[in-house]
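Dear colleague,

Please find below the structure that I am handing over to you.

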2 protein chains.
Amino acid sequence: MVKRKSHKGDYCPSARSLDVIGDWWSLLIVRDAFDGLTRFSEFQRSLGIAKNILASRLRTLTERGILETVPAADSARQQYRLTRMGRDLFPVMVALRQFGERHLFAPGEKHSHLVERDTGKAVRLDIRTEDGRPISPDEAVIVKVPETDEA
Amino acid sequence: MVKRKSHKGDYCPSARSLDVIGDWWSLLIVRDAFDGLTRFSEFQRSLGIAKNILASRLRTLTERGILETVPAADSARQQYRLTRMGRDLFPVMVALRQFGERHLFAPGEKHSHLVERDTGKAVRLDIRTEDGRPISPDEAVIVKVPETDEA
DNA sequence: TCAATTGGTTTCATCTTGAAACCAATTGGA
DNA sequence: TCCAATTGGTTTCAAGATGAAACCAATTGA
């Protein structure tokens with residue numbers, strides 16, 4: 001779905017990612033999948049999404065390799081589960097969460113938290129160089145791919 | 001814009017974030033802003049977005065505190081610049097980029113890179129506990145806010 | 001000074017979304 | 001075992017969002 005415009009050919013990896021999961025519902029579905037939901041009705045109840053839209057989103061997420069359907073275990077129905085690729089969206093979820101926590105809640109307003117299972121410690125994202133040094137955003141620059149011979 | 005549904009009241013910070021920047025164009029505009037673009041025409045050329053849609057997005061991003069307009073420096077026209085809040089979207093951009101690099105490019109296919117300005121070293125995201133231990137996604141769990149008195 | 005560019009707005013056709021009705025298959029309970 | 005409810009959708013249709021193009025005032029540049 002989402003025909004309006006495609007960035008599939010873009011050299012920017014962020015743009016391609018948005019091409020795959022950049023609509024309103026897809027990432028919320030993925031979030032719920034991380035939260036353990038697997039069934040059509042669970043997603044629908046959780047999100048309050050129209051059923052036709054949910055069906056469409058589950059279909060494209062599956063086509064694109066973010067979700068997979070597994071025949072079942074206890075039931076004749078199917079389950080939707082995150083693929084390896086889908087699980088690799090975890091940092092995106094954490095980043096969105098961290099931004100929301102910081103800016104979108106009033107002081108004192110309650111929200112859910114992401115913690116390590118065994119210790120209960122908060123989970124955070126760090127931006128680092130490949131050799132492990134933490135850096136701040138303004139020290140990072142994007143190096144474009146050479147199109148003709150310009151840097 | 002984007003009237004279809006709101007998650008403003010949601011207790012999940014990710015959902016609220018998607019409420020603010022979760023449409024097709026907004027994050028691409030933010031990406032370009034990180035890349036140094038400031039002018040209406042620059043965004044339009046870079047994204048190939050319809051002008052009415054761009055105007056609408058710039059307006060709501062500004063209303064929501066992601067961008068701000070600064071009167072100018074060399075010109076009578078305005079500039080759009082990331083606010084502090086907007087700059088805090090950087091980890092989201094990096095996360096999307098990292099996902100795209102990993103899964104959305106054919107082996108050998110070229111893409112832009114994010115590097116530290118001074119050293120040229122690649123920039124990556126790490127998921128860690130608050131005390132700095134790196135952890136994997138499946139060790140993290142979401143703790144919901146107690147609604148009535150259920151955990 | 002005059003043409004081109006910028007930064008939009010308006011209009012309109014097309015596409016997407018959402019709500020509701022509908023339906024076959026599955027499941028759960030009496 | 002039988003029937004009702006639930007699940008996992010699809011179809012239909014109205015309303016909303018998007019995109020292209022035309023248009024326009026203000027700015028800039030030569």
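Two strands are taken to pair if DSSP finds at least two bridges between them; strands (E, at least two residues) and helices (H or I, at least four residues) are themselves DSSP runs, numbered from the N terminus. Ala140(A) stands opposite Glu116(B), which lies in strand 3 of chain B. Strand 5 of chain A and strand 3 (residues 113-116) of chain B run antiparallel and are joined by 4 bridges.

This is a predicted model, in which local features need pLDDT of at least 70 and side-chain atom pairs count only at pLDDT 80 or more, while totals for chains, interfaces and linings use all residues. Residues are numbered from 1 along each chain as its sequence is written, and chains are lettered from A and ligands numbered from 1 in the order in which they are written.

Chain A contains 6 helices and 5 strands, in the order α-α-α-α-β-β-α-α-β-β-β along the sequence. Its C-alpha trace spans about 55 × 45 × 30 Å along the principal axes. Of the 151 residues in chain A, 34% are buried (20 or more other C-beta atoms within 10 Å of the residue's own, with C-beta atoms placed from the backbone).

As to the interface, 67 residues of chain A are in contact with 67 residues of chain B, contact meaning that the C-beta atoms of two residues, placed from the backbone, lie within 7 Å. Helix 6 of chain A gives the most to this side of chain A, with 14 residues. By class, the side of chain A that touches chain B has 34 nonpolar (Ala, Val, Leu, Ile, Met, Phe, Trp, Tyr, Cys and Pro), 22 charged (Asp, Glu, Lys and Arg) and 11 polar residues (the others, Gly among them).

Helix 6 of chain A packs against helix 1 (residues 13-21) of chain B at an angle of about 85 degrees, with the axes 7 Å apart; axes are lines fitted to C-alpha atoms over the stretch in contact, and angles run from 0 to 180 degrees between N-to-C directions. The two helices are therefore roughly perpendicular (65 to 115 degrees).

Yours sincerely

Methods: A residue is buried if 20 or more other C-beta atoms lie within 10 Å of its own, exposed if 12 or fewer, and partly exposed in between; C-beta atoms are placed from the backbone. Angles under 35 degrees count as roughly parallel, over 145 as roughly antiparallel, 65 to 115 as roughly perpendicular and the rest as oblique.
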